[in-house]
Amino acid sequence: MNRNSKHIVVVGGGYVGLYTVLRLQRTLRRELRDGSVRITVLTPESHMTYQPFLPEAAAGNLSPRHVVVPLRRVLKKATILNGKVTKVNHASKTVHFEPNVGTPHEIEYDLVVMAAGSVSRTLPIPGLADAAIGFKTVGEAIALRNRVLGLLDRAETDDDEELRRRALTFVVVGGGFAGIEALAELEDMAIDAVRYYRNIRREDMRWVLVEATDRILPEVGPEMGRWTAEQLRERGIEVKMNTRLESCVGGHVKLSDGEEFQSATIVWTAGVKASPVVNAGDLPLDERGRIKTSTRLTVVGVKDAFAAGDVAGVPDVTNPGQYCAPNAQHAVRQAKVLADNITRHLRGQELVDYRHKYVGSVAGLGLHKGVANVYGVKLRGLPAWFMHRTYHLSRVPTVNRKVRVMADWTLALFFKRETVSLGEIEEPRAEFRAAAAS
């Protein structure tokens, strides 16, 4: 190891972390080769999750292995350490790192990149932490898939009408991209699955969307949001806007419109917030609890610190007075500028501003159904669904993953979707323990 080398520590292995280091491996090829620069990525998982594909993984359209990117395989010039950063002390240029397995310790750095992303933003709603599940990780997506299919199995065999209604009632809270796509894809999968059950009809299932504001999918515009709501209602999905979840203790759902009912599945997708690591350190924060970041993706007021993505409040130079939205589109593009600015910083060159005008959004609503508003062009149905898949195929990292995703989609043209619950993978030792006890 070159003791005089510059050590770059990247906190987070999501969009920003992955794409930043991928680009640094090219722009700093010489420095990484001769040892004058080292890169360490600190992340809880050994993979990056391409979150726009989580709804398709939950619906069985994609293998869950194909929506994640193994960091060690693609970031060959970096050291990947699995664990969490609990404190950033920039004054001493150290982070306190707690490995998933091992002893917590301090890691020194010369330059830090804050790319820890976001976590679900929850509210103090009675029962929420115990009864609900999020939709941000591949584990949550597959657990939801197994839960929905497992509840269909339960309803097929249960004679108690009240328990059947509870099992067949599915609630999604939050009308943004995550909520709408999760709801639409899971409902679409369940409709496919019901054809193989003798005692369950499509009408027996109840799907409910709860949204606190007066619109859904604000990113695609009011007109397309209204169209999406109409489409969901035509599919029998209840779309409750201007409605809040007030309680869900034990699965007993209470809504602000006065309705109460039982549900065995409550999915919480009502927003995100910056990773808690931003509150455990001495980096400056803005009024929204994000790291205060300049248009050049440097942390305001300190040297040798950069930030981007969901943890960063990046001013939007294309829309003065506003901040860049916390979405994948900005994260991927910010990572490119971030990596280039780190390279310029190390070489004593002038940094550049991050500038990207939001081009629009696409959303999948199940097989062959979608909605899109890109550069002002509004699409719905099959054309929007095709644009959704085309765009995200172009964005998913590495040729390896692009080919695997395309192979999954191609096979789906000729074979029916798998609708089998593998809920036992969540407790793989249960059967063995039962056998040992008998």
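Biologist: How many cavities of 30 Å³ or more does the count give?
Modeller: The model is predicted, so local features need pLDDT of at least 70 and side-chain atom pairs count only at 80 or more, while totals for chains, interfaces and linings use all residues. Residues are numbered from 1 along each chain as its sequence is written, and side-chain values use heavy atoms, without hydrogens and water. With a cavity taken as points on a 1 Å grid over the protein atoms alone where a 1.4 Å probe fits but cannot get out, the count of those with 30 Å³ or more comes to 2.

Biologist: Which helix gives the most to the lining of the largest cavity?
Modeller: The largest cavity holds about 50 Å³ of space, and the residues lining it (an atom within 4 Å of a point) include Arg290, Asp310, Cys324, His330, Ala331 and Gln334. This lining divides into 6 nonpolar, 4 polar and 2 charged residues, with Gly counted as polar. The most, 3 residues, comes from residues 328-346, a DSSP run of at least four residues, namely helix 10.

Biologist: How many nonpolar residues are in the lining of the second largest cavity?
Modeller: About 40 Å³ of space lies in this second largest cavity, and among the residues that line it are Val88, Met114, Val277, Asp282, Leu283 and Ile291. Its lining has 1 polar residue and 1 charged residue, and the number of nonpolar ones is 7.

Biologist: Is Phe415 buried or exposed?
Modeller: Phe415 sits in the loop between helix 12 (399-412) and helix 13 (430-437). Because its relative accessibility is 59%, and buried means under 20%, partly exposed in between and exposed over 50% with a 1.4 Å probe and protein chains only, Phe415 counts as exposed.

Note on methods
Helix = DSSP H or I, 4+ residues; strand = E, 2+ residues; numbered from the N terminus. 1 Å grid on protein atoms, 1.4 Å probe; cavity = no way out; pocket = protein on both sides within 12 Å on 5 of 7 lines; lining within 4 Å. Points joined across faces, edges and corners; volume = space filled by probe spheres on them.
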